[in-house]
Amino acid sequence: MRRARVLVLISGGGSNLQTLIDAARQPNCAYEIVHVIANRPDAFGLKRAEHAGIASACLDHKAFQVRADFDTALAALIDQITPDLIVLAGFMRIMGAEFVARYEGRMINIHPSLLPNFPGLHTHARALEAGVTLHGCTVHWVTAGVDEGAIIGQACVPVLPGDSPDDLAARVLVQEHRLYPVCVEAVASGRARLVNGRTYLDGKPGGIALMGI
Ligand code: GRF
């Protein structure tokens with residue numbers, strides 16, 4: 001069975017990228033990472049790709065005056081790479097509706113909260129502010145609305161008394177690194193599909209739930 005061709009988009013450290021690289025080394029993994037693209041030249045994830053022998057490129061968003069021009073250039077690059085699946089891993093760009101529509105159903109993202117709670121930024125501080133006792137991360141399909149696409153999988157962690165945003169971020173990141181490889185594998189293998197705006201797992205509506213410690 002041909003392994004699904006995965007393109008990973010990053011902006012920073014690439015710890016999620018690293019977990020996907022490590023998972024793809026398993027012989028029966030349903031995907032291979034064929035390319036990594038960063039929108040920042042200083043993204044450490046580019047070094048991770050280089051170290052793993054994976055092709056990479058930087059498309060510096062600062063080189064584009066108009067947001068739509070960046071999207072157009074990125075789409076041109078993506079269409080040369082011909083990925084089966086585009087995985088956003090710490091990619092901090094909001095793409096336009098036209099770009100998202102072009103790849104809908106084969107582009108996914110990981111967000112550091114239990115969506116639909118806390119879309120957007122500063123999720124850990126907002127979770128503490130709201131006084132929730134359960135927090136976590138979500139892998140979802142990318143749609144035009146920010147952090148609104150159908151959920152593929154979630155992993156939860158407890159919020160402990162006295163937690164700082166950094167304490168919570170570290171606890172969630174451990175679960176991100178468990179959740180993302182499982183979700184990318186499920187999508188790459190065809191187990192998880194987007195059908196009429198809903199995630200179907202093994203033919204039934206629903207997704208993946210991981211209970212973090
Ligand atoms: C992670 O918390 C991820 O949820 C968010 O960006 C953070 C950094 O990710 N989207 P990485 O270490 O660059 O993969």
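**Stop 1: helix H3**

Select Phe-70, Asp-71, Leu-74, Ala-75, Leu-77, Ile-78 and Ile-81: these residues of H3 are buried (under 20% relative accessible area; exposed is over 50%, partly exposed in between, with a 1.4 Å probe and protein chains only). Look down the axis of H3: the buried residues line one face of the helix, because they fall within an arc of 165°. That arc is taken from the directions from the helix axis to the C-beta atoms. An α-helix has 3.6 residues a turn, so residues three or four places apart point the same way.

This is a predicted model, in which local features need pLDDT of at least 70 and side-chain atom pairs count only at pLDDT 80 or more, while totals for chains, interfaces and linings use all residues. Residues are numbered from 1 along each chain as its sequence is written, and side-chain values use heavy atoms, leaving out hydrogens and water.

Now turn to the other side of H3, where Thr-72 and Gln-80 are exposed. Helices (H or I, at least four residues) and strands (E, at least two) are DSSP runs, numbered from the N terminus.

What covers the buried residues of H3? The cover includes strands E1 (4-10), E2 (31-38), E3 (56-58) and E4 (85-88), plus helix H4 (97-103). Contact here means heavy atoms within 4.5 Å. Step just past H3 to Thr-82, which takes a positive phi of about 50°.

**Stop 2: the largest nonpolar core**

Select Val-8, Tyr-31, Ile-33, Val-87, Ile-108, Tyr-180 and Val-184. Of the 47 residues in the largest nonpolar core, these touch the most other members. A nonpolar core is a set of buried Ala, Val, Leu, Ile, Met, Phe, Trp, Tyr and Cys residues joined through side-chain atoms within 4.5 Å. Helix H6 (residues 165-188) gives the largest share of this core, nine residues.

Centre on Val-87. Beyond its neighbours within four places in sequence, Val-87 is in contact with residues including Val-6, Leu-20, Ile-108 and Tyr-180. Apart from this core lies another, of 20 residues, among them Val-34, Ile-37, Ile-81 and Leu-88.

**Stop 3: helix H5**

Select Thr-123, His-124 and Ala-127, the buried residues of H5 (residues 123-130). They fall within an arc of 100° seen down the axis of H5, so they line one face of the helix. Their cover includes strand E5 (107-111), strand E6 (134-141) and H6. Finish just after H5, at Gly-131, which takes a positive phi of about 75°.
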